[in-house]
Every structure is written in C-alpha cells, then in structure tokens.
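Reader: I would like a close look at a single part of this assembly, namely the place where the two chains meet, and after that an account of how the elements on either side are arranged. Please take it step by step.

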Amino acid sequence: MVAMKRAPVLIAALLACLPAAQARGAESGIVVGSKAFPESWILGEALARTMLREGIPRVLHRHNLGGTEIVAQALRSGAVDVYPEYTGTIQEVLLHRSGQAGADSMRAGLARLGLAMSDPIGFNDGYAIAMPESVAARLGIRTVSDLARHPDLRLGLTHEFLGRSDGYPGLARHYGLSMRHVLGIQHELAYTALASGRIDATDIYTTDAQIARLGLRVLEDDRRFFPRYDAVWLYRLDLPAREPRALEAIRSLTGRISEEAMIRANARVVLDGISYGAAAESLLTEVRPSSTGPAGPEREGVASSIARNTVRHVELVLLALFLAIAIGLPLGIAAAGSRRLGGAILLATGILQTIPSLALLAVLIPLLGIGFRPALAALFLYSLLPIVRNTVVGLSTLPASLRDAAESLPLSPWARLTRIRLPMAAPAILAGIQTSAVLCVGSATLAALVGAGGLGEPILSGIQLRQTHLILEGAVPAAALALLAQKGFDLLERVAVPRGLRRPEEPTHGDDHA
Amino acid sequence: MSATIELIGVRKRFGDTLALDLPEFVVQERTVLALIGPSGCGKSTLLRLVVGLLRPDQGRIQIGGTPMGPATRSQLLPRIGYVIQDGGLFPHLTALENTALVARHRGWTRERVDARVGELLELTRLDPGLLGRYPSELSGGQKQRVALMRALMLDPGVLLMDEPLAALDPMIRSRLQRDLRDVFGRLRTTVLFVTHDLAEAAVVADEVALLNAGRLVQRGKPAELAAAPSEPFVTEFIAAQAPPEALGWSR
C-alpha cells in the first residue's frame, strides 16, 4: 500500500517543479522553420537573422524539424510561419501532383492550403546522378543517356530516390535504364561507398558539398527528366498581414543565392565543421553586403544548450511516465482480473511496442501536430507495455496459499486489491515502471524528429554533420539520465516496497522458539 | 456464537477423480472434530468447500443454518476463521497488521482493536513483543500463533484449520498441540482440524473422522477407531502411524 500511495505523489511533486516549457512555442514572434539537413538550417538561419535586422523584435528559428511532412504540417498548423522548401517537393508532397507546373498553378494550389510561395531563392537543388570523375572519364560517360549503355555499373541509391515517382523508377523508364545492380543506401554513406569504389554511381543533390570535394562528375540530364527543385520560401498566407517586414526579409533573400554560393555554404558546415549560424552569416555577407550588422540570434553556449535539452528531455520522460502509470496501472489491474480482457490488453500494448517510432510519429502528427504533444504521446504509448505487463505478472503470481488466505478473509474485493494484492505486487510493478523509465529516456531522443527538442537534437545534428562532439552532447547526458533513472528506482524501491517483501522468505525451521 | 456445520449430499469431482462424496456429514456446535486420512483423501477439499473457496458439484453446505453460496458467502465469512498450513500471513504486513486487518477494514475503533488483540495474545500465548515483526522475522510456531489470532479476531463461530502444525518440528509441535487444546477448550467454537497424524488428533480433538478416497470411513473417539475398526483400512492406517513408544518418548 505504501508503494501505491507514494510513487504517484512523488512523480506529481516532481512534475510540479518543472518550468512550463511547453508554452515556449506559443509565444507571438515569427517562427522560421527548417528541415533536418544543413542546407535547410543555413537558409532558415539566414532568414531569421535577416528578419531581426529588418527590426522584427522576436524571431525564433526552430531548426532541424524533420522531414517534409513534419515541417509542412507545422506550417499549416501555424507552429511555423515560414521555411525553405523546393518546388519539386511542393509539387510531389504538398500538392500531390506529378510533373512540372508553372509557378501560378502552384501558387493557386498552395493558396487552398493557406500557404504562399516566394520567387526562387536562386539555386536549384534537384536530383542528379553523379559518378567519380575518373570512372566517368574512363568510360566516356557525360550524360544519363551514356549511363544507359553501361548496365553493369553498380548504382547505390537513397531509399527516398528509389521510392519516388520522380526518382529512379521514372528515370529508368524515361531513359530506358536496365541497370543490373541497384541497391538502397543512406545518402552520407553513399559518398563513402563511392570514394572506396564499392558503388559506381549514386543520386545526389545538385548543391551537395561533397561534389567538388570528392571530384564527382554530375551527369547531364540530357533528356530533361528531373524536375526543378528550385529553392523557394514557403510561408503562411496570413504572414504578410501579421508582420509586413517578414515579407520584406523574404523578398530580400530571393534571386540572390547561386548554386555555387550554396555549395560553398554547405561545405563550410558539412566539411569544415563551421556552425550553421556562422555559415549563414557568411552567406548573408556574400549576397547582401549592405546589410551586415551585429550577429543575429545569440549563439547558445554548450553548457546552456545541454541544460536546456536535458530539462526538456526530463520533462518529456516524466510526463510520459506519469501518464503511462496513470493509465497502465488500471489497465494492468483490469487485465489481471479477466483472462480474455487480459489477453486483449497485453496484445494491444505489445503491438504498440512493435510499431517503429518513425511510423508512430508519422501517424501522430496529423492528429497532434508537431512538437511536444506527438512526442509525449509516442513516449507514453511505448512506456505502457512494461508497466501493464509487470502489473499483470505481479498480481497473478500471488502464491496459492496467500490467494486462499485473502479470499477467505471477510474483505471487500477493493480491500483485497488495495490492501493485499497491489502491495504484494509492488516490487514487480515498480520494476516495470523502472524499465519504462529507462526505455523512455532512450526513446525520448526521437522527440527531436518532431521538433520537441530534448537530447536527441544535438544527436540528430551530430549525425547529419558527422560531428562526434555534437552527438556526445546529447548521448552523454542521455546515458547519464538513464543511469540516474536506474539508480533512482533502486533507491525508491527501498523506500516504497514494504519491509516484509524486501528480503526472501527465510527458512522457518532452524531457530524455532514457539 | 458457535455454529453447526452441515454437509448434505455433497459431491466434488476434480476431472475424473471423485474428491469428496459425503451423503451426510454434520459437526455439531462446540465440537472439535479432527479430519484425518492419507494425502488426497479429501480432508482439505472438505475445508475448502466449507469456507467457500470451492463449490460442490452437488449437495449443499450450511453453516449455522445458512447455506454457503456466492450470494451468502460475504455474510458468512465473518463467522469463519481459516488457518492454513504455512499460516497464510501476508508478508508485507506485520503480525499486528495481519491480525487487525479485517477488524480495521470493518471500522473497529483503535481501542476495540487493541482490546481484542490483547485478549488474543493472552489466549494464543504469543509474546506481545513480536507484534511489530514481519512474517519473515517470525519462527514457524510464532507464525501459526499469529495466524490463529487473525482467524479468531472477529470471534467466529467456526474455526477451520488445515494441517496447521505439519511443517513444525516435533518439540514445537507438541507444545502447540497442547496450547491448541486449551484454546479450543476456552473458546467453545466449532472446530474442524485437518491432520494426517492420529496422535495429534487425539490430543486436540474430541472426535475423529477418518476419510479415504473422498469417503468417510469411520467416525468416533480416537480410542474407538483402534478398538473397533469398521474396515481393514482403519487398522492399516493406524498401524502405519509410528507409535510414540517406538520413538523413545511418551506423551
């Protein structure tokens, strides 16, 4: 009983101490978003800094929000006001159209979604096929049509490119490609594979920093298959009314950034390890020499960013765990009471556990938007199983003699549950909560995928940039938190588990003094 | 407060095995009856039927005239005390908490609980210093005394004990047998006491009922069973019990 009373009280008390950080996204400034890759961060940061210099008082750059679906959803729900996007992606993912379309037709389609699109920023970041210069020169390949004459070359293509109609399937049809070796590979790894000669060609983006650095030949799209991926600013239709200076900032960053300038900025971040803020600053200096001013949004120190991410991480874990206990414990009790219901509940929570996190997040975003809420919901769902299962196990493994004793005392069913069965199951239930807590600390790193922040944020950036120190900024505190959760629960068990349950039953015969 | 226990036409099967078949079995109030017999003879099943942990396939069970069934069980349970072999004490509760659990649940005042616990300490001869201990900190004999206190807390008319002394060593066992006999003498409760030991039955009980394979074989004073066995099984069962003299000590 002691355990049952204390654990929720403790968690509630901890929650009460938290700063109300969820409200952060709701402040009334302009929010610039960016997707989960360096080019998007640099552009988003450049726009945020330009807006500050235009005199807009509060500008927030929510960088690294994840894939197109997530940022676009954020834009439509108003969590983000503007972010850099590409015309091809707008056609394919937002408007669900294939093929090329004029700007006017796209603007009309976007208007129906409450969105608007700027003029092109100035560069095309489209798909292309690239090969090492040496191989291309030896085989005399200059165009994609040339490639079709070498079906034995090994293609390593990104999974997205393999799946999109404007990717490999369309390309193969268009050019009559019949390559014998096509395999899926992650984008950054494809460059490593190319450099080591494991594959002969890969799909690239035309502003990739690696093109120049690795000496790649970009094959000419001689039969004009690839759609244009002109970078544009995608913003909410109501933005100009809310803040006219935001539109001015957007216009000042259109038609000015060339492919070469973008490749240089990308290379600074990806290859030279310069921060995306600094890369954005030098890009701005290049394209708007007149407007250089004091640095834009202040850069955060490492310590303060670790502290902020850790606090957010802990908030997510504690809230998710609290909800999982509040729902999982009654579910476990219900499941222990009836074999059929129990089977159904355990199956359902078990299935939830097997849904890949990305898939779960993708399902939750249309329902809950982006940011804190879908991350919390996903963590809550993942935390359920260990709590429900251990509650069931704890309640149903009561020794037969004690079950008989409990059933033969004149107690109400509720008293049997709360005074006898639950306290005796306390060690198992607490162990389940501990498992959930440790899992939750790990899974909460995925919250960064939907812009909920936390320690996954530096990890995600670090993976993108292949910068180990960034990964460690997230991974080390996360590991420490997991360890802390483990130790904390060991300690809690000493307090919360009734004394009589803590040691194993000792033999009754030896020192009998009846 | 003492109550009569009646089993009329009771049959209980477990799968293909007939566990109990008693055309009529009555324990008059204030009787201490020992149920004896080999393992699997149905003596524990009889107790579990009386306390309502099992339901008979046929027949009815009455306690003080009230039939035991799903509808009446919660009203009958306060009149039944039930002690099982290992005591059945809840490991997360102290001796006192185990004893007072039901009374507190029923809203007794602290004074009333304390007074009743005092009476029971005296009755069962438990050292009051042990009340704050958890079951894991008590010896086997002490556990059985606490289990008896818990069973008697509400002053039930019927006390059921299922081999309460089986796991204890002989010294403790013989002391507890004598203490139980005194307790039963003072309580004047109807007692059903399951044991497989005829000597133990002779110490604690007024009367003995020998069961075999679910049937009542013979019922009477312990001496009567030896003097006038109703069938060869009775002689066989008595002979199989080690006579105390053979162990080199006497009662």
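Author: In this predicted model, the contact between the chains draws 27 residues from chain A and 31 residues from chain B. On the side of chain A that touches chain B, three helices each supply at least two residues, namely α20 (400–408), α21 (413–443) and α24 (499–502). The largest share of that side comes from α20(A), which gives six residues. Sorted by class, the side of chain A that touches chain B holds 12 nonpolar residues, nine charged ones and six polar ones.

Turning to chain A itself, helix α16 (residues 302–337) packs against helix α19 (residues 372–396), their axes lying 7 Å apart and meeting at an angle of about 40°. The crossing of α16(A) and α19(A) is right-handed. The residues of this helix contact include no charged ones, and they divide into 22 nonpolar and five polar.

Chain A also has strands that pair in parallel. Strand β6 (residues 154–157) of chain A is joined by four bridges to strand β7 (residues 181–184) of chain A, the two running parallel, and within this pair A:L157 has A:G184 of β7(A) as its bridge partner. Strand β8 (residues 201–205) of chain A likewise runs parallel to β6(A), to which two bridges join it, and here A:G156 stands opposite A:T202 in β8(A).

Six strands of chain B form an open sheet with mixed pairing, in the order β6-β7-β8-β3-β9-β10. Because β6 (80–83) and β10 (215–220) of chain B stand at the edges with a single partner strand each, one side of each is left without a neighbour in the sheet. From one strand to the next, the twist of this sheet averages 15°.

Key
Residues numbered from 1 in each chain as written. Chains lettered and ligands numbered in written order. Predicted model: local features only at pLDDT ≥ 70, side-chain atom pairs only at ≥ 80, totals over all residues. Contact = placed C-beta atoms within 7 Å. Nonpolar A, V, L, I, M, F, W, Y, C, P; charged D, E, K, R; others polar. Pairing = 2+ DSSP bridges. Axes fitted to C-alpha atoms, helices over the stretch in contact; angles between N-to-C directions. Left-handed = near helix turned anticlockwise from the far one by under 90°.
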